[in-house]
Amino acid sequence: MNTPEATSTDQAADRPALLRGWRPWAIGGAILLGGWFLFGRGGQKDPAANAAGRPVPVAVAVARKGDMAVHLTGLGTVTAINSVTVKSRVDGQLLRIAFTEGQMVREGDLLAEIDPRPFQVQLMQAEGQYAKDQAAFLNASADLRRLQGLVQQGIISRQQLDTQNSAVAQYEAALKSDQAQVESAKLNLVYSRITAPIAGRVGLRLVDAGNMVRASDANGLATIAPVQPINVVFAVPADSIQQVLRQNAKAGKLPVEAWDRDLKSRLALGSLSAIDNQVDTATGTVRLKALFANEDRLLFPNQFVNARLLVDTLRGVVIVPTAAIQRGPQGAFLYAVKPDSTADLRIIEVQGTDGDESAVVKGLSGGETIVIDGLEKLRPGSKVALPKAPGAKG
């Protein structure tokens, strides 16, 4: 039997072992708690501390007051007003090509020539037949005049006179047919010289000299596409078509600018000429057509351009970079920089946007400095570090 003294002695002996078991866990927990306090809590950014701490580096711009043009921009295709495939109207051997590929030609300029000798022979034959029938007609007409005198004298019968009248009429009809053959031969001779039906730029030639060409050939000799003036067909969202229609109903043509695909260089200035009569349900857009004089010939058929249609001009608004405007639960807002270099949150009303610029009609005045970069780090009242002016020291 164990006595109380023995039990007490055993418990005292086991206590150091228990202490040795939980002591490493306690030390590890203390280390983790200290690490969380130093690194976890210390790494969190407090907006209030940021507002009173180090200034936030930002990029700024100055809001200006003025008029802002509002454009609709759509990808468009340059199209020729009309394109012509030059074909031969007669069959024959192509003697020579009189144009250079890519050349600008005027209406009536010689493009190619077909061997004219077969048509010259046809003309000679037609003229010979005409002369032969004309001689027979003149002889029949002289006989008719003599018979008319004999009938009046009662020497011959009236039937002979009628027969002669019929012969004269037949020769007269033959003369008209011969004259048509002569004109047809002359026309074929004219067609042996192929001229430009319209003014424009000639494409690559499709037939070389020496080949036989026929009027039934599908490809033709070349194509001609006018470039002055020229059209641009582009599309705008269907939601904007009412605005376009309202502006188009006013006096004057709506200006349209043609820009390159990167919107860095303006190629030409024209005007709106036509609006399609339906919405493309596949894209939700409406096609528009603009006419350009293309005096510098910078627009080329089938070229892709960006068309910018002027639909409105906002007068007396505050113009700011679009990058400065943010959206939140209360609507559009931006940060203005106070004279003491602190950020001031402004709730604004935006009336319109045109590319990189937006028009503000409420909440901001012209001449104020606004933040356009570094917005994600700002809070109301935050100190801001403005960029130094070029050449500034320190």
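A word on conventions before the details. Residues are numbered from 1 along each chain as its sequence is written, and side-chain values use heavy atoms, with hydrogens and water left out. Because the model is predicted, local features need pLDDT of at least 70 and side-chain atom pairs count only at pLDDT 80 or more, while totals for chains, interfaces and linings use all residues.

Let me begin with confidence, where pLDDT is the predictor's confidence in each residue, from 0 to 100. The chain averages a pLDDT of 85, and 85% of the residues score at least 70. Confidence is highest in strand β7 (residues 110-114), at 96, and lowest in helix α2 (residues 47-52), at a mean of 45; helices (H or I, at least four residues) and strands (E, at least two) are DSSP runs, numbered from the N terminus. Over residues 1-14 the pLDDT is below 50, and beyond near neighbours in sequence this stretch has 1 contact in the model, a contact being heavy atoms within 4.5 Å. Residues 36-51 also have pLDDT below 50, with 10 contacts beyond near neighbours in sequence. Where pLDDT is low, the predicted coordinates should not be read in detail.

Turning to the second largest pocket, about 220 Å³ of space lies in it. On a 1 Å grid over the protein atoms alone, a pocket is an open set of points where a 1.4 Å probe fits, with protein on both sides within 12 Å along at least five of seven lines, and lining residues have an atom within 4 Å of a point; the volume is the space filled by probe spheres set on the points, which are joined across faces, edges and corners. β4 (84-86), α4 (158-191) and β8 (193-195) each supply at least two residues of this lining, whose members include K87, R89 and P197.

Now to helix α3 (residues 117-153), where S141 is found. S141 counts as buried because its relative accessibility is 15%, buried meaning under 20% relative accessible area with a 1.4 Å probe, protein chains only. A polar atom of the S141 side chain lies 2.8 Å from the backbone oxygen of F137.

Finally, L375 lies in the loop between β22 (369-373) and β23 (384-385), and at 12% relative accessibility L375 also counts as buried. Leaving aside neighbours within four places in sequence, L375 is in contact with A323, A324, Q326 and Y335.

Methods
Buried < 20%, exposed > 50% of the residue type's maximum accessible area, 1.4 Å probe, protein only. Polar contact = N/O pair within 3.5 Å; in protein donor to acceptor, adjacent residues only side chain to side chain.
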